[in-house]
Amino acid sequence: MSDRKSFVWKQWLSQHDETSLEFREFFKLILTLLMITMGVGGLKQWGLFQGLELRVYDRMVQLRPYHQPDPRLLVVEITETDINRLKQWPLSDKIIAQVLAKLQQEQAAVIGLDIARNVPQEPGHQALMEQMKRPNFIAVMSVGNSEADRILPPPRVPPQQVGTVDVPLDPDGVSRRHLMFNWDGKINRLSLPLRLVLTYLKADCPGYTPLHSSLPCKNIKPKLNQNSDYQLGSIAFPKLKPNDGSYQSIIGGSQILVNYRHAPDAIRQVSLMEVLEGKVNSAWIKDKIVLIGVSAPSLRDSVLTPLNTGNNRMPKLPGVVNLAQMTSQLLSVVLEEESLFWFLSERQELLWILIWAIAGLILSEFSSQYSYLLLGTGLLLTALGGISFLVFLNQGWIPLISPSVALILTVILGVINREYQSQKQQKTVMRLLGQQTSPEIADALWKGRLNLLESGRLPWQKLTATVFFSDIKNFSTLSEAESPEFIMGWLNEYLNIITEEVQTHHGIVNKFMGDGVMAVFGVPVASKTEAEIATKAQQAVNCALSIRQRLETVNQDWQKRGLPVIEMRVGIFTGPVVVGSLGGKNRLEYGVIGDSVNTASRLESCLKERQVDTCRILIAYETLVYLNEQYNVEFWGELPLKGKLQKIKVYRVINHLHENSNSTS
């Protein structure tokens with residue numbers, strides 16, 4: 001009873017060891033995922049992916065469906081043709097005053113002048129000052145980066161009629177953000193787009209009815225909410241934070257991400273001369289927000305935006321049109337409840353990265369071939385890009401590069417781990433089977449190793465195989481007459497012949513037992529058909545015949561060298577066996593057990609005194625039926641074998657039918 005309990009206890013300990021191994025592997029898996037996630041998240045925090053993420057952002061802007069043109073705005077651009085016709089730059093105050101008067105006459109709702117007029121440009125300065133006194137006029141200034149490059153507003157223009165035109169550029173020189181307020185050292189200056197919108201709202205949005213607001217425009221008042229974010233009516237404008245989207249270095253002021261209208265004619269544009277000559281449709285001016293600025297290339301007042309980065313052929317956006325885009329966005333958010341861009345929190349970003357790291361790990365675990373792995377990785381990256389774009393179409397900007405990096409890293413680490421595990425499995429298999437497998441068997445093993453190996457073991461399986469036993473006649477007598485060192489060298493030479501022939505004939509050497517050898521044909525990859533079993537049986541017999549031929553040759557060589565010549569016996573039997581790992585965790589071997597093994601061994605050792613040739617090969621009827629009458633055999637009768645209750649039909653293999661042999665007795 002105590003032995004039974006001891007056995008059960010050892011079995012439980014063995015299972016517990018395997019469970020602990022699985023837990024350790026699972027823990028390593030979790031740790032790897034967390035390390036990749038935190039590592040990629042840390043690299044993102046350091047800004048490593050910012051440049052690539054911004055390029056992706058620009059591309060998604062360009063891929064969006066076209067927006068409808070904004071009917072609330074008109075840009076009056078000063079073109080190269082205008083300058084050539086007027087033959088002057090800077091334009092005189094008189095010309096600017098004429099343009100403003102023309103726009104006022106056509107009942108523009110708000111007029112913004114994106115040209116610095118802090119220094120008089122005679123003639124016509126007084127006329128320009130009169131136009132600037134109109135409450136719907138907005139002048140510009142620039143805070144600049146220092147006092148030296150600051151542009152002051154025109155004199156005698158009230159502060160509430162001045163807007164800043166400072167546009168923050170990203171490290172790649174692209175305008176993607178709108179600086180709604182700019183600190184000039186004394187007060188926060190409102191941007192020109194925000195001033196234009198506030199003036200337009202104060203005038204009660206002339207000629208325009210908000211789509212989703214029952215509140216009159218004139219009642220939409222600005223304020224700061226509890227988060228210190230600027231708010232117009234019920235619409236808050238949360239400031240961009242340092243880690244929003246893929247930004248890592250948002251500096252100063254109240255900034256928002258610009259939602260550019262993607263269309264060639266998103267903002268209607270006319271030239272200065274067209275306005276002066278009355279060639280502009282009055283409906284394009286009446287009740288509209290009108291911005292006046294330069295687009296002449298020689299004046300270099302243009303900027304890169306997401307609309308014209310990369311390979312896009314769109315020219316740079318004139319600065320005045322860029323400001324009009326910002327104005328259009330503010331109007332759409334306040335009057336049409338268009339969403340501002342939203343972003344994931346830092347924790348949500350880490351979770352997003354983790355999800356794709358898990359996806360990469362699952363892919364690497366279940367993709368058996370590298371072609372499938374590459375295809376799967378491509379499909380996952382495509383899916384990630386598609387999801388990111390769909391989110392972008394709904395005003396969300398989520399990371400694409402960092403989860404892609406996490407995905408690729410886990411796939412690469414999965415491949416590395418697979419190769420490492422494969423090497424471990426190879427060592428396990430070679431330790432179990434020995435290093436005496438043929439290339440064909442080795443190839444079959446590795447193709448099916450996922451099914452063959454479980455937890456570093458070859459699982460037990462029942463199959464039909466051909467077992468081969470060989471032994472040297474009178475080896476004990478020979479070994480007594482020679483020194484151990486001599487016997488070991490000579491014996492290794494003999495065993496090498498056996499091993500080479502077994503391997504050549506696609507068998508495996510299972511055991512060396514002194515001078516005896518046990519080999520098996522038909523393992524570890526099971527034969528599935530009778531034809532395959534027959535092939536393995538014939539390979540075993542061919543192996544024995546090849547050993548006989550080599551033994552005759554090597555005996556002659558040994559005789560010349562003064563070494564002993566030998567005779568040997570071979571027993572071959574085909575039948576059911578059970579194969580798999582045998583032993584404990586510290587020492588395993590490839591076990592082949594069953595009555596077929598015993599029968600093959602008894603065939604080799606039966607009737608030892610009847611040695612009719614150099615290599616006597618005995619088989620049983622169970623093997624003969626698979627030889628397809630391809631061999632000359634001699635029936636030795638139904639013989640009793642040691643340990644066997646029933647007699648066995650025994651045959652001696654003489655040679656293959658196509659061979660000539662003098663030994664037919």
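Reader: What makes β23 and β25 a pair of strands?
Author: Two strands pair if DSSP finds at least two bridges between them. Strand β23 (residues 615-620) and β25 are joined in the antiparallel sense over three bridges, so they meet that rule. Ile619, for instance, stands opposite Tyr651 in β25. Please keep in mind that this is a predicted model, where local features need pLDDT of at least 70, side-chain atom pairs count only at pLDDT 80 or more, and totals for chains, interfaces and linings use all residues. Residues are numbered from 1 along each chain as its sequence is written, and side-chain values use heavy atoms, with hydrogens and water left out.

Reader: How do you know that β24 and β25 pair too?
Author: Strand β24 (residues 631-639) runs antiparallel to β25 over eight bridges, and Asn632 stands opposite Asn655 in β25.

Reader: Why is β25 called mostly covered?
Author: Buried means under 20% relative accessible area (exposed is over 50%, partly exposed in between, with a 1.4 Å probe and protein chains only). Eight of the nine residues of β25 (648-656) are buried.

Reader: And what makes Val290 buried?
Author: Its relative accessible area is 0%, so Val290 falls under the 20% limit. This residue is found in strand β13, a strand being a DSSP run of E with at least two residues, while a helix is a run of H or I with at least four, both numbered from the N terminus. Contact means heavy atoms within 4.5 Å. Leaving aside neighbours within four places in sequence, Val290 is in contact with residues including Leu74, Val76, Leu103 and Ile111.

Reader: How do you know that β2 and β13 belong together?
Author: Four bridges join β2 (residues 110-113) to β13 (residues 289-294), and the two run parallel. Ile111 has Val290 as its bridge partner in β13. Both strands sit in an open sheet of six strands, ordered β4-β3-β2-β13-β1-β12 with parallel pairing.

Reader: Why are β4 and β12 called edge strands?
Author: β4 (162-164) and β12 (268-271) each pair on one side only.

Reader: What is the expected span of α16, and how does the model compare?
Author: The expected span is 1.5 Å times one less than the number of residues. Helix α16 (residues 530-560) has 31 residues, for which 45 Å is expected; the model reaches 46 Å from first C-alpha to last, close to that value. Just after α16, Gly562 takes a positive phi of about 80°.
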